[in-house]
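Visitor: I would like to learn how to read salt bridges in a model. Could you walk me through it with the one on screen?

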Amino acid sequence: MGKKIGKKKGFIPPPRLPPDDEDVDVSDEDVRYFQEDGQAARTIQSIDTAALTKEVTQSHLQVDPSNALPIKTLDGKLQNPEGLPDDNDDVADIKSVVKLTKPEKRAKMKKTRKEAKKQQGKEIFDADEAEEEADPQAQALAEEKEKLTAEKVLLSKKSKLAELGMALVADPESNITSLREMVQLSKDENQEIVKLALLSLLAVFKDIIPGYRIRLPTEKELHITVTKEVKKMRFYESTLLTSYKAYLQRLIALQKQSSFQHVAVRCMCSLLDAVPHFNFRQNLLTAVVNNMSSDDEVIREQCCEAIKSLFLNEGKHGGEATVEAVRLIADLVKLHECRLHPDTIQIFLSLSFSEDIGKANMRKKAGKREKKRMRKAEESNKLQVNNKKISRQDLKRKTREEVDADLKAVTFTPDVLERRRMQSDTLSAVFQTYFRILNTTIETSLAGTAGSTQSDGSGEYLLLAPCLNGLINFSHLIDLDYMGDLMNSLKKLACGDSNLGYTYENGLTIPERLGCCIVAFKVMRNNLNALNVDLHEFFIQLYNLMLEYRPDRDQGEVLAEALKAMLCEGRQLNMQRAAAFIKRLATSSLCFGSAEAMAALVTLKDLLRKNIKCRNLLDGSLSGTDAKYQPYASDPDLSGALASALWELSLLRNHYHPKISTEASSLSSLSGDPNQVHLHATTPQQAFIDLSIEHESFKPKGTVGTSSRKKRMVSESSISDSTSLEPIQNAENHIDEEDLKNRLSKDFTVLRDIKENRTLRKRSNHTVSSIRLHEEYKRQKKVQRRKGNE
């Protein structure tokens, strides 16, 4: 039987017995069973184990491994037998058949994990040892390979950006999804790729953005069935809008980083200049206006130029962006408490307004009256018209209104009333900013005077000068209701607080105070003297500021403009005031530079030409009065200048500059004849500019002779020095060091005393101002008590 069974194909041999040396666990129940039944034990003992082993070996030799079928294991896997398994494999198979308990499974898992960690640690340690033992040339080659791969990645990203951009510019509708890839590239870790992606997206958006604002469809419109072309257009517009929004968010986030700030601001300014009509304009404007207060000069100039181009090119956006930008600048000034760069306010001068903007309110009222009249007429005719006709008329009217609204949304040419409304809103925001700057300057100057923080007049009011220029430029558009408040503010800045009964140094520089006087006169002149405002305080300030002017410290252009606006133009001055200014101009010309002196002489000549009686000052006649000239009087009307003489002209005729000496000689030759013909004189501003330009290349007389004399003296001294060097060396050895120390110590003590005197003066001025304020407070309290008792 054994041979026949062995010859059969596909015979599976019986399992091998465990070796004799292996321990076999016998349970108590088995032992008890064999003790009770001895016959069963004798049966098992009679089994021939050697015969069983031999049978297994013989069966193994008779099986052909190539012809054997695959064996299915207990795990359910198929294996091709290449030979008989070893003893260890049989043991493993037997163990796999036995089901393990939960504690045994946990122990087995822990053991496998520990072995895996040990094996991994050995591999890492072996790898480190292999790297340490490797050749340094191999390490260098590995680094070079990494660099080459990084450069390849960089070049591939650059080429991808170029391909995507070219495809979008060539056919935007078909390749609109490429925008998302380019926006994703702008979030790369490499800074160079990020900058290139931002600039590439800028060029693409400037090229493909349409000339209208995109309105996404509503939910009702999405449920309506539309054609394929409409679906394609909706997909294109929505993708463009979402990509543009993500691009703007990326720019706003990157502008806060120093490495990307310049690129981000440049992209935002270019977008605002190119597509101011498109969506998300408010976010773009806010970011650009906030960067106008940046400390970086390049960023500030780019933002100011972008806003300026927005003001000048209102045809791109219809004027709405102008109103938004002006309001944002006004909020920025308010937020920073008027502590910004002057360029922030200087761009207001680029605004343009219609001349008849002040008449818009009257026309609006007339239009409302006309509408009321037409409405009443329609209501009276409604009773005579049929209901069907009324419904048709209403339908036509609604349809016409809808069509007009769609046309207005598409085109950027608003009607006349809408444009006037936007201009009036812009103008109100501009004047609101100007008045806020004036009030803030007044409050700061009062606080600075009380605390003596600005006693040196350092000129910390940076926005005051552009504010005054703007008031001059738009003075003809100021409402008459606000003119009185404006004049009072200018008077406080130029003169001080007149309620206290004295004037004080309010921290403004002389050009700034002169600028306030100029604005007051030009505002009154542009409004054709509509208000009956006394300008006597401004004349007093000009009269006193001429003595405080310093050519090397202050701006001569402002002084020349003040002389032109206040003395040469406008109404003719009375005789006392004109004589006082003539005398003050002649006296100041002796201390001024050549350009300022020329402007003063031109103004003096104009005053003498207008006031014939003041020509008596040329020959020193007192015009039969017993008055006495008071040169230190603060009020020009009380100076008594008619009792003086223009002796300064005789000194000015010997001036080193030939033009000033010529002008002084021509003034001295004026006579009291009213029929004397005078040639057209230039303005003080023009005279100042001409002489300041000529002064750069002007050389006073006698410079050639003095220089030649100096050269001769130097040559003679050099010859004498070369012949007698030993006496000089001996003289250097006889210098008294103690005497030199004493002299230097005296000089330093004098300088220290000067500084101490300055500090004492500041403290004394502060104390005096505090005492006066306290006295004024007591006086007001007494007045209030008297009123309460009454």
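Visitor: Which residues are linked in a network of salt bridges?

Guide: Side chains of opposite charge can pair when their charged atoms come close. A salt bridge here is a side-chain nitrogen of Lys or Arg within 4 Å of a carboxyl oxygen of Asp or Glu. In this structure, Arg-327, Glu-418, Arg-421 and Asp-425 are linked in such a network. Before we go on, note that this is a predicted model: local features need pLDDT of at least 70, side-chain atom pairs count only at pLDDT 80 or more, and totals for chains, interfaces and linings use all residues. Residues are numbered from 1 along each chain as its sequence is written, and side-chain values use heavy atoms, with hydrogens and water left out.

Visitor: How many salt bridges does the structure hold?

Guide: There are 21 salt bridges. One of them joins Glu-192 to Lys-158, with the closest N and O atoms 2.9 Å apart. Glu-192 sits in helix H9 (residues 191–208) and Lys-158 in helix H7 (residues 136–170), so this pair ties together parts 34 residues apart in sequence. Helices (H or I, at least four residues) and strands (E, at least two) are DSSP runs, numbered from the N terminus. The protein chain has 32 helices and 2 strands.

Visitor: Are Glu-192 and Lys-158 buried, partly exposed or exposed?

Guide: Buried means under 20% relative accessible area, exposed over 50%, and partly exposed in between (1.4 Å probe, protein chains only). Glu-192, at 37%, counts as partly exposed, and Lys-158 is partly exposed at 28%.

Visitor: Which side chain meets Arg-525 in a salt bridge?

Guide: That is Glu-569, at 3.6 Å from N to O. Arg-525 belongs to helix H22 (residues 510–526), while Glu-569 is in the loop between helix H24 (556–568) and helix H25 (575–589); the two are 44 residues apart. Arg-525 is partly exposed at 26%, and Glu-569 is partly exposed at 30%.

Visitor: What about Lys-605 and Glu-663: where do they lie?

Guide: Lys-605 is in helix H26 (residues 594–610) and Glu-663 in helix H28 (residues 658–668), 58 residues apart. Their side chains form a salt bridge at 4.0 Å, N to O. Lys-605 is partly exposed at 23%, whereas Glu-663 is buried at 13%.

Visitor: And how much of the protein chain is buried?

Guide: Buried residues make up 31% of its 790 residues.
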